[in-house]
Amino acid sequence: MLPRRARLLSALALLTVAAVNAAGLWSIAASRRAAADEAARVFRAGTAARARALEGVLGGTRADLAFLAGSPLVTRVLSAHGRSARTEEAAPRDATESALLLFLRAHPEVTRLAVRASSGEPLVLVGRRGGVPILWVAANPTGAEGPAVSPDRPRLASMVPLADAGDQPGGDGPRLEAEIAPSLLLAEPEVAGPAPDPAGEPSCVLADHTGRVMARRESPLGGRRLEARADVSVGEWTSGSPWTLRCAQSADALMAFVEPVAARYRTTLALNLGAMGLAALLGLLAIREVAQRQRLEARAHEEARVRDLERQLFHAERLTTAGRLAAGIAHEINNPLEGMSNYLSLARGALERGDLESARRRLDSVRQGLERAALVVRQVLAHADPAKAPHTPVDLNRVLADAAEFVRSRPEFAALRFESALAEAPLLVDGNPIMLGQVALNLMVNACEAQPGGGEVRVSSRAAEGSVLAEVADRGPGISAALRERIFEPFFSTKDSTGLGLSICHSIVQQHGGRLEAQPRPGGGTIFRLTLPAAPARTEVA
């Protein structure tokens with residue numbers, strides 16, 4: 001009951017953990033989707049911020065141009081231009097050139113500045129060569145005003161009127177002209193955004209109101225892309241407004257900051273699954289251990305019960321054996337008593353006739369009967385505690401002969417024929433004569449009981465090298481090979497008995513250092529062979 005309940009609880013725990021981990025995985029997916037949406041929103045806001053930054057740069061540059069146009073450093077060059085070459089002063093021109101160069105240094109997006117008279121003639125012209133502000137010579141024989149005024153190059157231009165320092169014939173009036181390269185607007189770090197983008201700079205395209213690309217900045221993009229656009233107002237610069245800023249960014253790059261968190265969470269889930277799997281394994285091992293302990297306890301209880309039954313059956317077998325011995329002893333004592341009674345009657349008749357010699361012989365026979373009865377009593381006393389009986393030199397022939405005489409005298413075995421083929425010389429062994437007699441008696445009784453309708457029992461003995469052999473053979477039905485392997489097991493019996501007789505005999509023989517085995521007898525029947533170690537030659541029978 002307990003292991004089944006534990007298995008059910010373990011299954012519920014595993015299902016709970018699986019549900020929690022599934023919810024964790026769903027949370028990771030939902031978090032990734034939310035992070036992607038948030039990244040797209042942030043990217044759109046960043047693109048709008050870049051557009052506002054561009055507008056700020058254009059507005060700030062326009063304001064600085066207006067301030068510069070009103071500066072005396074610029075207007076004084078107009079006065080100098082109105083004088084004759086004979087009275088022209090170089091100082092105002094130098095000051096104007098320095099102011100324009102300083103303006104270019106402060107505004108890297110501006111590529112060209114020019115102060116023009118009302119006629120359009122450039123009074124002062126500055127530009128860039130290799131990004132460095134330089135002064136362009138206005139009186140150029142070719143009429144060119146430098147490479148910065150190429151008409152095919154995308155540009156933004158703005159003109160700021162100057163305060164007229166004198167009468168200037170024709171034209172639209174003196175003015176300050178500035179030109180901005182749109183590509184420099186996208187290249188400026190301070191224009192790209194208020195802070196560096198951790199995902200990398202996006203690819204951006206700046207186009208005018210007609211769709212013409214004015215500037216482009218390329219960045220490597222891979223995988224899924226996010227795109228955003230924002231309008232850029234160019235204000236008073238010479239171009240149609242608004243312009244459009246289109247930016248694109250790799251979604252993988254924007255999601256890069258989410259991946260470490262997701263990876264750590266996945267690692268946590270994997271460790272959680274591993275830990276719960278280990279816990280489930282340990283739980284199953286614990287359940288198995290509990291089940292095994294229950295089985296062992298049940299087996300131990302069963303073995304204890306079997307041992308108790310063995311003790312009871314062994315006691316019953318001993319009582320049965322004692323009953324058989326008592327019947328045999330009664331028979332042994334009754335025989336000399338009957339003989340003594342007959343001899344006493346014959347002695348009385350001899351005395352009445354006055355035949356003293358005959359009476360003396362009868363009385364000697366009575367004394368022999370008494371000695372025989374006393375021997376039987378001594379054997380009974382030895383049977384009371386055979387385990388404590390010391391081992392003494394025993395003639396196995398005598399043990400076999402006494403057991404055979406006892407069994408032959410029983411009336412229920414009168415139909416059996418007994419044959420004896422004992423060795424002529426004594427066969428000495430060290431042992432307990434009572435216990436060895438019990439073995440011989442049991443083997444002969446079993447041989448007789450195997451032939452209830454009559455038959456033959458043959459008892460033989462002989463000496464071997466260092467051993468003494470005794471055999472009890474019958475002409476019964478025999479024992480099959482499968483049963484011969486089990487007949488010495490406790491409680492195994494082929495007849496209606498306790499099954500302890502042969503087991504006890506086998507144990508007694510082993511205690512004497514010998515062996516007991518059963519073999520088929522040629523012609524039918526069974527031979528029980530008893531093998532015991534021979535006693536040393538110097539040992540004499542007491």
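**Cysteines, then a glutamate**

Let's start with cysteine 448: its relative accessible area is 2%, so the residue counts as buried. Keep in mind throughout that this is a predicted model. Next on my list is cysteine 505, and here the relative accessibility is 0%, so that one is buried too.

Now, how many disulfides does the structure hold? The answer is one. The partners are cysteine 204 and cysteine 247, with 2.3 Å from S to S. This pair ties together distant parts of the chain, 43 residues apart. On one end you have cysteine 204, sitting in strand S6, residues 203-207. On the other end is cysteine 247, in strand S9, which covers residues 243-250.

If you care about geometry, the angle about the S-S bond is 105°, and the link between cysteine 204 and cysteine 247 is right-handed. And are those two cysteines buried or exposed? Cysteine 204 and cysteine 247 are both buried.

Glutamate 97 is part of helix H3, running over residues 91-106. Buried or exposed, this glutamate 97? Its relative accessible area comes out at 14%, and the cut-off for buried is under 20%, so glutamate 97 is buried.

What does glutamate 97 touch, once we leave out residues up to four places away in sequence? We get Val124, Val126 and Leu135.

Note on methods: Residues numbered from 1 in each chain as written. Predicted model: local features only at pLDDT ≥ 70, side-chain atom pairs only at ≥ 80, totals over all residues. Heavy atoms only, no water. Helix = DSSP H or I, 4+ residues; strand = E, 2+ residues; numbered from the N terminus. Buried < 20%, exposed > 50% of the residue type's maximum accessible area, 1.4 Å probe, protein only. Contact = heavy atoms within 4.5 Å. Disulfide = S-S within 2.5 Å.
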